[in-house]
Amino acid sequence: MENLLKKLQEEAGLSEEQAAKVMVIIKDFMDKEGLEIDWEKFFKGKYEDFKEQAKSFFDALSHRAEKYTNKLEDTVEDITIQAKRAARDISLKASEMLDDDKKKKKE
């Protein structure tokens, strides 16, 4: 299996993480298609390494997703604050305009 991962890295120009992801995709595809593969034999006892690489990949992916979720939450919070301020400012201006109109009518 390590040979295949190296081959994917060298010939396809994939990173180690990308090569591991390719292996996960291929395995999932073959399993879903019902292709009978002796994965233990295919991986020649390296299944644990593969499983660890896949876990590392998904952990990294999860960490990245969390980072983007945090950024998105911050952005939404900033937009909400800006919207509240804009609504407040419009309210104040409308109130000022109404007060000015009232003053003009009294004069």
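Predicted model: local features only at pLDDT ≥ 70, side-chain atom pairs only at ≥ 80, totals over all residues.
**Entry 1**

**Entry 2: salt bridges**

I turned next to pairs of opposite charge. Side chains of opposite charge can pair when their charged atoms come close. How many salt bridges does the count give? I noted three salt bridges, counting a side-chain nitrogen of Lys or Arg within 4 Å of a carboxyl oxygen of Asp or Glu.

**Entry 3: K7 and E11**

I looked up K7 and found a salt bridge to E11, with the closest N and O atoms 3.3 Å apart. The two residues are four apart in helix α1 (residues 2–12), so about one helical turn separates K7 and E11. I recorded K7 as partly exposed at 46% relative accessible area, and E11 as exposed at 61%.

**Entry 4: D31 and K27**

I found D31 in a salt bridge with K27, where the closest N and O atoms are 2.7 Å apart. Is K27 buried or exposed? K27 is buried, because its relative accessible area of 17% is under 20%. D31, at 37% relative accessibility, is partly exposed.

**Entry 5: D89 and R88**

I noted a salt bridge between D89 and R88, with 3.2 Å between the closest N and O atoms. D89 is partly exposed at 35% relative accessibility, and R88 is partly exposed at 47%.

Terms used: Residues numbered from 1 in each chain as written. Heavy atoms only, no water. Buried < 20%, exposed > 50% of the residue type's maximum accessible area, 1.4 Å probe, protein only.
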